[in-house]
Amino acid sequence: LHRSPGKPTAPIAISYVFSAQPALQQPFDVRITASAEGITDLDLTVRGDDGLDVGVPVLTSSSTDGAERTWTVSATAGKEGRLYLSVLVQGVSATAQPARDLVIPIQIGSAAPAKAAATEAKTDASGERVIVLPAETNP
């Protein structure tokens with residue numbers, strides 16, 4: 001079980017747990033629980049990274065006032081590496097419509113996330129320092 005650290009006074013707490021270790025092309029579920037004090041009718045919106053096929057959240061349990069709810073989200077990874085599931089929980093209170101977001105990292109495969117290429121410092125013909133950065137060109 002993983003919990004978002006949040007702020008000490010965060011109005012909405014979010015926790016999540018995977019049904020199984022996520023693997024390439026293997027469906028898995030993420031159980032997401034949100035709870036709040038003084039906030040009702042919690043609602044969940046999710047969005048997956050490129051390469052992460054995400055289903056519609058299914059409400060699996062709820063308190064009578066909607067201040068604590070649990071959803072199950074089915075997902076399948078179509079590529080290896082670090083993928084992210086974006087979660088947004090919104091609610092209703094007497095004075096506002098509070099919301100809380102969380103990004104859930106999902107590691108697919110054993111490959112470590114790619115690191116950004118290091119920059120190279122060189123000098124040009126006049127001796128001035130030049131920093132060479134990687135570039136991508138589109139045809």
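How many bridges join strand 4 to strand 8? Seven do, and the two strands run antiparallel. The model is predicted: local features need pLDDT of at least 70, side-chain atom pairs count only at pLDDT 80 or more, and totals for chains, interfaces and linings use all residues. Residues are numbered from 1 along each chain as its sequence is written, and side-chain values use heavy atoms, with hydrogens and water left out.

Strands are DSSP runs (E, at least two residues), numbered from the N terminus. Two of them pair if DSSP finds at least two bridges between them. Strands of a sheet pair through backbone hydrogen bonds, either parallel or antiparallel. Here, three strands form an open, antiparallel sheet in the order 4-8-9. Strands 4 and 9 stand at the edges with a single partner strand each, so one side of each has no neighbour in the sheet. Neighbouring strands are turned by 20° against each other on average, direction ignored; axes are lines fitted to C-alpha atoms. Arg 47 stands opposite Ser 86 in strand 8.

The largest nonpolar core holds 25 residues. Such a core is a set of buried Ala, Val, Leu, Ile, Met, Phe, Trp, Tyr and Cys residues joined through side-chain atoms within 4.5 Å. Ile 32, Val 87 and Ile 104 touch the most other members. At least two residues come from each of strands 2 (12-18), 3 (28-36), 4 (40-48), 7 (68-77), 8 (81-92) and 9 (99-108). Strand 3 gives the most, five residues. Beyond its neighbours within four places in sequence, Val 87 is in contact (heavy atoms within 4.5 Å) with residues including Ile 32, Leu 44, Val 46, Leu 102 and Ile 104.

Thr 33 lies in strand 3. Its relative accessible area is 18%, so Thr 33 is buried (under 20%; exposed is over 50%, partly exposed in between; 1.4 Å probe, protein chains only). Thr 70 is 37 residues away along the chain, yet the two C-alpha atoms are separated by 4.3 Å. The side chains of Thr 33 and Thr 70 are joined by a polar contact of 3.0 Å. This term denotes N or O atoms within 3.5 Å; within protein, one must be able to donate a hydrogen and the other to accept it, and residues adjacent in sequence count only if both atoms are side-chain atoms.

Rings of Phe, Tyr and Trp (its six-membered ring) pair if their centres lie within 6.5 Å; planes under 30 degrees apart count as stacked, over 60 as edge-to-face and the rest as tilted. Ring pairs link Tyr 16, Phe 18 and Phe 28 into a cluster. Tyr 16 is buried at 10% relative accessible area, whereas Phe 18 is partly exposed at 22%.

Methods. Helices (H or I, at least four residues) and strands (E, at least two) are DSSP runs, numbered from the N terminus. Axes are lines fitted to C-alpha atoms, for helices over the stretch in contact, and angles run from 0 to 180 degrees between N-to-C directions.
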